[in-house]
Amino acid sequence: MQYLLLIYQNEAEMAARAKSEADAMHGEYAAFTQGIIQSGHFKGGERLQPSTTATTVRVRGGKVSTTDGPFAETREQLAGYYMVEAKDLDEASAIAAKLPGSKYGSVEVRPVWPMS
Amino acid sequence: MADELTAAAVERVFRAEAGRVLATLIRLVGDFELAEEGLQEAVTAALRQWPDDGMPSNPRAWLVNVGRHKAIDRLRRRRMMLDRQRELAIMAAIESEAVQTDRDDGLDDDILRLIFTCCHPALNRDTQVALTLRAVCGLSTEAVARAFLVGVDTMAQRLVRAKAKIRIAKIPYETPPPERLGERLEGALAVIYQVFTEGYAPTEGPQLTRADLSAEAIRLGRLLLAQMPERPAIAGLLALMLLHDARRDARATAEGDLVLLEHQDRGLWDRGRIAEGAALVERALRGPGLPSAYAVQAAIAAVHAEAERFEATDWPQIVGLYEVLLRLSPSPVVALNHAAAVSMVDGPQKALNLVDALAAREELGGYHLLPATRADLLRRLGRRDEAREAYRAALELARLAPERRWLARRLAEL
């Protein structure tokens, strides 16, 4: 079995924290990641850019519509995810528009936070 | 003397060139915010140097060159803050790129790229409008905030967030590929039209029109048409804006009261704009394929503009054009205007039937012109009590002060 673990948190509160608090949390994340790598549970994971950089793609009647912002409809629930490599937002959105989920629901396109 | 002359001239140059300079800088430095900072510093340098040294022969090229070097300086200073790879890529691009700014053949790919980036559908429509006014038109953040009736801080934050999204989500800085160009152009035209209508018929506030915004929209329309002369939809939109704008001075009294088309002093109409608009309408209708909704709306405005007196209006042609428009882009507002035109050909009773059918569909609830149109038709039919009731309903919905005053006057006259 594989499980996707989804992290939810309040972006505004996170951004307002003192640097020391943020550093402490990063330390906890690093330790957690190392821990599950060593225990053999780790399959992949990324930090995401804030939801203000999100774009939501829908296809209705063959017409692609893109809107600014994260997917905010509570009637639908997260059903899966793909991680893709694309040269820019237009390419990523075009891939999202081909995903069956864009016809039946909505696909949120969110850039991954680059880790250097 | 030199100082005064230059201050005004410098201001004119900045307003005229800011969008183009920014557009070129973004291409050169590959980063919206860095380009803006470069432009800011170039403008500051110009304000210092031009009064003494005189205006350079090619101010745009001057601003691009100085802005480019200021951007490089900034990059060097920020070295630690950027990842090395990205910095090297930007530096290489800046150094290798031949600066092409002296082309005066009207072709300017950079400004097109900037327009399409600002009007990208991954930004919400209001943000597209704000960013276009700021980046392409070169309006200050304060002026953009005024246009949206929001505080400067709110607007500044919205613009910062939009630019961050462009950078982080990698909204491409390019003219869309042919297969997407039509759709993206439609989006850009909608942005320009929103700027225009907010200037011509603000949705709120004390003023009936805000000429500055309409002027910016017309400028954007001209800019886009110059870049893509083969697109009839652009000609249609520009024609529509010019023909409406031609009537601006006649639409309100000195006191700011609304004057209906029927009572407007046609001597106040701007004949130059009407001639330009009418020529563009023909161009817009001629194009291959179906005409755009803008072109048909412009054709309607042209028929009005070409009538010497209200009584001389070619109403059958206007009804016919509204029927075309109803097929091209059906909307309850178009249907309401169609009904009003029908009343001039077939009389108020037939129009009232159309308006009542429209009211029954309940799509225009909250739109003050529905009861206002009904009221006018009822008045013409001599059904005064019902007319009064309809005017009262319209008054409850109208938000603009001049429109409210006009409705109240009509009600009092009954």
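Mentor: Start with B:Thr373, which is found in helix α17 of chain B. Helices here are DSSP runs of H or I with at least four residues, strands are runs of E with at least two, and both are numbered from the N terminus. B:Thr373 counts as buried because its relative accessibility is 16%. Buried means under 20% relative accessible area, exposed means over 50%, and partly exposed is in between (1.4 Å probe, protein chains only). Leaving aside residues up to four places away in sequence, B:Thr373 touches B:Leu336, B:Ala340 and B:Val355. A contact means heavy atoms within 4.5 Å.

Some ground rules before we move on. This is a predicted model, where local features need pLDDT of at least 70 and side-chain atom pairs count only at pLDDT 80 or more, while totals for chains, interfaces and linings use all residues. Residues are numbered from 1 along each chain as its sequence is written, chains are lettered from A and ligands numbered from 1 in the order in which they are written, and side-chain values use heavy atoms, with hydrogens and water left out.

Now the neighbour, B:Ala372. B:Ala372 also lies in helix α17 of chain B. With a relative accessible area of 6%, B:Ala372 is buried. Its contacts, not counting residues up to four places away in sequence, are B:Tyr391, B:Ala394 and B:Leu407. B:Arg410 is 38 residues from B:Ala372 in sequence, and 9.8 Å from it in space, C-alpha to C-alpha.

Next, the helix pair around these residues. Helix α16 (residues 348-360) and helix α17 (residues 369-380) of chain B have axes that come within 10 Å and cross at roughly 150°. So α16(B) is roughly antiparallel to α17(B). Axes are lines fitted to C-alpha atoms, for helices over the stretch in contact, and angles run from 0 to 180 degrees between N-to-C directions. Angles under 35 degrees count as roughly parallel, over 145 as roughly antiparallel, 65 to 115 as roughly perpendicular and the rest as oblique. The α16(B) and α17(B) crossing is left-handed. That term applies if the near helix is turned anticlockwise from the far one by less than a right angle; clockwise is right-handed. On the α16(B) side, the contact residues include B:Leu352, B:Val355 and B:Leu358. On the α17(B) side, they include B:Leu370, B:Thr373 and B:Leu377.

Helix α10 (residues 211-227) and helix α11 (residues 232-245) of chain B pack at an angle of about 150°, with their axes 9 Å apart. That makes α10(B) roughly antiparallel to α11(B). Their crossing is left-handed. Among the residues that meet there are B:Ile218, B:Gly221 and B:Leu225 from α10(B), and B:Ala235, B:Leu238 and B:Met241 from α11(B).

On to the rings. A pair of aromatic rings is described by the distance of the centres and the angle of the planes. Rings of Phe, Tyr and Trp (its six-membered ring) pair if their centres lie within 6.5 Å; planes under 30 degrees apart are stacked, over 60 edge-to-face, and the rest tilted. By this rule there are six aromatic pairs over all chains. One of them, B:Phe14 with B:Trp50, is tilted, at 5.8 Å centre to centre and 40° between the planes. This pair links distant parts of the chain: B:Phe14 is in helix α1 (residues 2-29) and B:Trp50 in helix α2 (residues 32-53) of chain B, 36 residues apart. Both B:Phe14 and B:Trp50 are buried. B:Tyr193 and B:Tyr294 have ring centres 5.5 Å apart and planes at 75°, so they are edge-to-face. B:Tyr193 is in helix α9 (residues 178-200) and B:Tyr294 in helix α13 (residues 293-306) of chain B, so the pair ties together parts 101 residues apart in sequence. B:Tyr193 and B:Tyr294 are buried. Ring pairs also link B:Tyr193, B:Phe196, B:Tyr200 and B:Tyr294 into a cluster.

Charges meet rings too. A charge sits over a ring if NZ of Lys or CZ of Arg is within 6 Å of the ring centre and within 35 degrees of the ring normal. The charged end of B:Arg158 sits over the ring of B:Phe148, 5.5 Å from its centre. B:Arg247 lies over the face of B:Trp269, 5.8 Å from the ring centre.

Finally, the chains. Chain B has 19 helices and zero strands. Of its 414 residues, 51% are buried. Chain A has four helices and three strands, in the order α-α-β-β-α-α-β along the sequence. Of the 116 residues of chain A, 20% count as buried.
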